[in-house]
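Please look over the sequence and the model below before reading the notes that follow. They are grouped by topic and meant for someone meeting this structure for the first time.

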Amino acid sequence: MALLACLPAATQTATGRYAAGAGGEGTVYFLPRTVVQVDVLVEKRHYRPGQFARYAERYLRLKDVPQKETCSYRVVDVRQTPVAVADTAKAFRLRFDARSAAANILLADDGRLLAINDRAADMPLPTQFAPAAKTPRPDPQQYLSQDILVAGSEAKMAELTSEEIFDVRENRALLVKGQADFMPKDGRQLELMLQELDRENQALTALFAGTTDIDTTLCRLFVEVPQPLERQLLFRFSAERGMMPKDDLGGEPYYITVSNRTELPKATPEQTARAAKRKQVENGLYVNVAGQMTSLVEHGTQRLDEQTMPAPQFGSVELLAGALFNKKFTTRLQLNPLTGGIHRLQADLPEEK
């Protein structure tokens, strides 16, 4: 964010619509509009067959063990979040004179007005995605005995490895029952011995059953909403290839629908007359009165995520009187960073002498 000092001008505090190339002193600011951020959590499962995969059923009675390396994908979750960006259709220029108490304005990096004579409003931050830490997989080679390594064929190696697996499982069962020849002295030692036997069993069994690596990644999309959307194609997804471009018909379509939920009352003739007069004067500060919209992500007949969020582009713009920023008192204004509406408005009255 940037903290900018206001520039003096020859007239009272005023707000005018900004046009590219327009001259004059002051500071240009924007009001926000809402963009829908769609986070798609995609799980990838990468299977690698074990060295003895073709002997899995013969020696371990494991049926239907895949013999080829495969990758598969699935959508784990879909989350929607409203994001504020500068609305270039709502650009205004602030002009101040020496009589103005509007000393400082605070702008976001993209030019959105955040505050005047105050800090930015504290808003809750969205939860960030953090992938789970991976646990190292034990190396099966360190558990292969000399007899297994010098076996004359792969079939013989598989047979001896299966015998080792059954020995490990039997030893574990004896430890649990308290019938092992060398029982540990305490519970902690027993726990460590069981953990080591579990690692050995896992590593050797993987030589037959194979291994599966599971990774979850975040795919982030941004959807512009200049107007309501009716089942607009969001992305395509394939169980074999994951996220795909919209024009690739090899993936199944996911759609987004955005509905305008704003109910604005009709203006009375008196309100219309005041609005026309206000446009001629335009002294003060423009702020948003945000509307609301509902965003729905669907896949077939399945409703994956539905959120109701503020939508400044479906609301209206109001003008705060320039008299709020005179020298008689100091006005502190915070705008909602997401909607551009008033978050807090406070006037510090001078102390009476």
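Two strands are said to pair if DSSP finds at least two bridges between them, and the helices (H or I, at least four residues) and strands (E, at least two) named here are DSSP runs, numbered from the N terminus. In that sense, strand E13 (residues 330-335) is joined to strand E14 (residues 342-348) by six bridges, and the two run antiparallel. The model is a predicted one, in which local features need pLDDT of at least 70 and side-chain atom pairs count only at pLDDT 80 or more, while totals for chains, interfaces and linings use all residues. Residues are numbered from 1 along each chain as its sequence is written, and side-chain values use heavy atoms, with hydrogens and water left out.

**Confidence**

- The protein chain has an average pLDDT of 84, and 82% of the residues score at least 70, where pLDDT is the predictor's confidence in each residue, from 0 to 100.
- Confidence in the protein chain is lowest in strand E1 (residues 2-5), with a mean of 33, and highest in strand E10 (residues 252-260), at 96.
- Over residues 1-14 the pLDDT is below 50, and this stretch has 52 contacts in the model beyond near neighbours in sequence, a contact being heavy atoms within 4.5 Å.

**Hairpins and the strands that link them**

- Strands of a sheet pair through backbone hydrogen bonds, either parallel or antiparallel.
- Strand E5 (residues 104-107) pairs with E6 in the antiparallel sense over three bridges, and Ile-105 has Ile-116 in E6 as its bridge partner.
- E5 and E6 form a hairpin with five residues between them, and Gly-111 in the turn has a positive phi of about 95°.
- E6 also pairs with E13 in the antiparallel sense, over two bridges; here Ala-115 stands opposite Gln-334 in E13, and Ile-116 stands opposite Leu-333 in E13.
- Leu-333 has a bridge partner in E14 as well, namely Leu-345.
- E13 and E14 form a hairpin with six residues between them, and in its turn Gly-340 has a positive phi of about 80°.

**The five-stranded sheet**

- Five strands form an open sheet in the order E9-E8-E10-E11-E12, with antiparallel pairing.
- Strand E9 (242-244) and strand E12 (302-321) stand at the edges, each with a single partner strand, so one side of each is left without a neighbour in the sheet.
- Within this sheet, E10 is joined to strand E11 (residues 284-299) by six bridges, the two running antiparallel, and Val-258 stands opposite Ser-295 in E11.

**Helix H4**

- Helix H4 (residues 187-209) has 23 residues and reaches 32 Å from its first C-alpha to its last, close to the 33 Å expected at 1.5 Å a residue, the expected span being 1.5 Å times one less than the number of residues.
- The N-terminal end of H4 is capped by Asp-186, a side-chain oxygen of which lies 3.3 Å from the backbone nitrogen of Arg-188.
- The buried residues of H4 include Leu-194, Leu-197, Glu-200 and Phe-208, where buried means under 20% relative accessible area, exposed over 50%, and partly exposed in between (1.4 Å probe, protein chains only).
- The cover over the buried residues of H4 includes helix H1 (56-60), helix H3 (154-177) and E7.
- Just after H4, Gly-210 takes a positive phi of about 85°.

**Individual residues**

- Arg-220 lies in strand E7 (residues 211-223) and is partly exposed, with a relative accessible area of 38%.
- Not counting residues up to four places away in sequence, Arg-220 touches Gln-37, Val-38 and Asp-39, and its side chain makes a polar contact with the side chain of Asp-39 (2.7 Å); a polar contact is a pair of N or O atoms within 3.5 Å, where within protein one must be able to donate a hydrogen and the other to accept it, and residues adjacent in sequence count only if both atoms are side-chain atoms.
- Arg-220 and Arg-79 are 141 residues apart in sequence and 9.6 Å apart in space, C-alpha to C-alpha.
- Asn-117 lies in the loop between strand E6 (113-116) and helix H2 (146-149), and because its relative accessibility is 12%, Asn-117 counts as buried.
- The phi of Asn-117 is near 60°, a positive value in a residue other than glycine.
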